[in-house]
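I opened my notebook to look up a few places in this structure. My notes follow in the sequence I made them.

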Amino acid sequence: MAEKLQTRCVIAGGGPAGIMAGYLLARAGVPVIVLEKHADFFRDFRGDTIHPSTLELMHELGLLEEFLKLPHQELRELRAVVNDQVVPAADFTKLPTRCKFIAFMPQWDFLNFLSSHAKRFPMFQLYMEAEVVDLLTGDSRVVGVRAKTPKGELEVRADLVIGADGRHSTVHTRAGLEQREFGVPIDVLWMRISKKQGDPRQTLGFFQHGKLVVLLDRDDYWQCGFVIPKGGFDEIKACGLTKFQNDIVSFAGFLRDRVSELDDWSKIKLLTVQINRLRDWYREGLLCIGDSAHAMSPAGGVGINLAIQDAVATANLLGEKLRAGPVSVNDLRQVQARREWPTRLIQGMQVFIHRHVVTGQMSDRKGSLPFVVRLLKWFPVLRQIPARFIGIGPRPEHFRSPTAGEPH
Ligand SMILES: Cc1cc2nc3c(=O)[nH]c(=O)nc-3n(C[C@H](O)[C@H](O)[C@H](O)COP(=O)(O)OP(=O)(O)OC[C@H]3O[C@@H](n4cnc5c(N)ncnc54)[C@H](O)[C@@H]3O)c2cc1C
């Protein structure tokens, strides 16, 4: 026998979109259950960036001061090493936001922080190890979800199901929502390399003749992302580990003395990169947000921010209505109408970066800098454009859903 629960809103997925939406809706007085399939938030593939616009939201929620006490690094200027030359690419110090930096923080710290605050609202419930496997439907609308848990099957009926279950969304697949794929020419190899005293401080991006390596500083180790042509992993494997290790050293020479830590292909994970978008983000009783509605590439490191902005728009547009009862398809359409335009713009930028920057069509003669990069080097004021696009993004959302009652 399945355990049966009833609530106003059930959210599939406890990533940035799901936890933020759950937090804001519960804060607005809407009973919410978030179902997350994993037992914790600790997974290596998660991005680490908290953008100025998200930090602004944390301020609006009264959480910023406490949040910034968590270990993090502050990136005020984005520098890339292009063909061995250091190029300042984005200057965040002039942004019209309280925090003029990107905070680098492991995403599990961010999600633990947010969910612990959400749990202070009596309307919020989080079930870990609860994997949504199907939708419940009735009278041609979605009326809930069926989930698998270690204790057995769980059925949660709700007036609204939110799919925030990421790029491989069960919710949007089961709902039969039509998806448009945008070809992506890259994948990412993801691995850890230890850190040592004397290493450069801060996250680094190395571009070389159309190739890219990113090193994320995770305090006691480097999280290394090596961008490869899509489908190219087998060829890289065939050339052997030594060649791969040497390739990494050719980008970041300071890793020479420890690149041998990568002594087995099992230490190198292939992350497939996708960009896609649903035609309709909703159907009666169901709304998809975040990567479930629009899978983002790591280019520009903006997917987390966009997922959070979707969650804020959802709470702003639906919070009060949901507190009173079910919402209509028209209400759900408004969330898509608000968020689709910024999503299109950012995905367009990502497709451009893939085609022209990462895959090297823009990097010209050996050793020289691509024209756009040279412009950024010559005219510092231009660095505010990528800073605004990355740090705030188009159509930033501000928290304005009602607050119902004080947390515990
Ligand atoms: C290699 C790589 C690196 C990236 N780096 C960055 C970066 O540095 N900065 C950045 O901003 N963006 C980055 N991105 C993009 C970013 O990861 C996503 O855009 C962002 O995580 C989307 O958030 P989300 O909450 O919508 O989905 P997700 O973060 O994918 O969260 C979905 C959650 O749902 C859970 N889930 C999945 N299926 C189910 C189910 N059936 N039932 C219950 N729970 C389920 C998952 O466990 C997960 O916790 C990167 C992407 C890739 C591929």
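**Entry 1: a serine pair.** I am working with a predicted model. I began with a polar contact: the side chains of Ser-292 and Ser-169 are joined by one of 3.1 Å. Where does Ser-292 sit? I found Ser-292 in the loop between strand S20 (286–288) and helix H8 (303–324).

Is Ser-292 buried or exposed? Its relative accessible area is 0%, so I wrote it down as buried, since buried means under 20%. Next I looked up what Ser-292 touches, leaving out residues up to four places away in sequence. The list is Gly-163, Ala-164, Asp-165, Gly-166, Ser-169, His-172 and Leu-278.

**Entry 2: helix H1.** I turned to helix H1, residues 16–27. At 1.5 Å a residue, its twelve residues should span 16 Å. I looked up the distance between its end C-alpha atoms and got 16 Å, which agrees. How many of the residues of H1 are buried? Twelve of its twelve are, so H1 is mostly covered. Among them are Pro-16, Met-20, Tyr-23 and Arg-27. Just after H1 comes Gly-29, and I noted its positive phi of about 95°.

**Entry 3: helix H4.** Helix H4 covers residues 107–118 and also has twelve residues. From its first C-alpha to its last, H4 reaches 16 Å. That is close to the 16 Å expected at 1.5 Å a residue. Nine of the twelve residues of H4 are buried, so the helix is largely enclosed by the rest of the structure. The buried ones include Trp-108, Phe-110, Leu-111, Phe-113 and Leu-114. Gln-107, Ser-115 and His-117 are buried as well.

Entry 4: Trp-378 lies in helix H10 (residues 371–378). Its relative accessible area is 52%, so I marked Trp-378 as exposed, the cut-off being over 50%.

**Entry 5: an arginine in a loop.** My last stop was Arg-256, in the loop between helix H7 (241–251) and strand S17 (269–272). Arg-256 has 60% relative accessibility, so it counts as exposed. How many Å separate Arg-256 from Arg-8? The two are 55 Å apart in space, C-alpha to C-alpha. In sequence, Arg-256 and Arg-8 are 248 residues apart.

Conventions:
Residues are numbered from 1 along each chain as its sequence is written. This is a predicted model: local features need pLDDT of at least 70, side-chain atom pairs count only at pLDDT 80 or more; totals for chains, interfaces and linings use all residues. Side-chain values use heavy atoms; hydrogens and water are left out. Helices (H or I, at least four residues) and strands (E, at least two) are DSSP runs, numbered from the N terminus. Buried means under 20% relative accessible area, exposed over 50%, partly exposed in between (1.4 Å probe, protein chains only). A polar contact is a pair of N or O atoms within 3.5 Å; within protein, one must be able to donate a hydrogen and the other to accept it, and residues adjacent in sequence count only if both atoms are side-chain atoms. Contact means heavy atoms within 4.5 Å. The expected span of a helix is 1.5 Å times one less than its number of residues.
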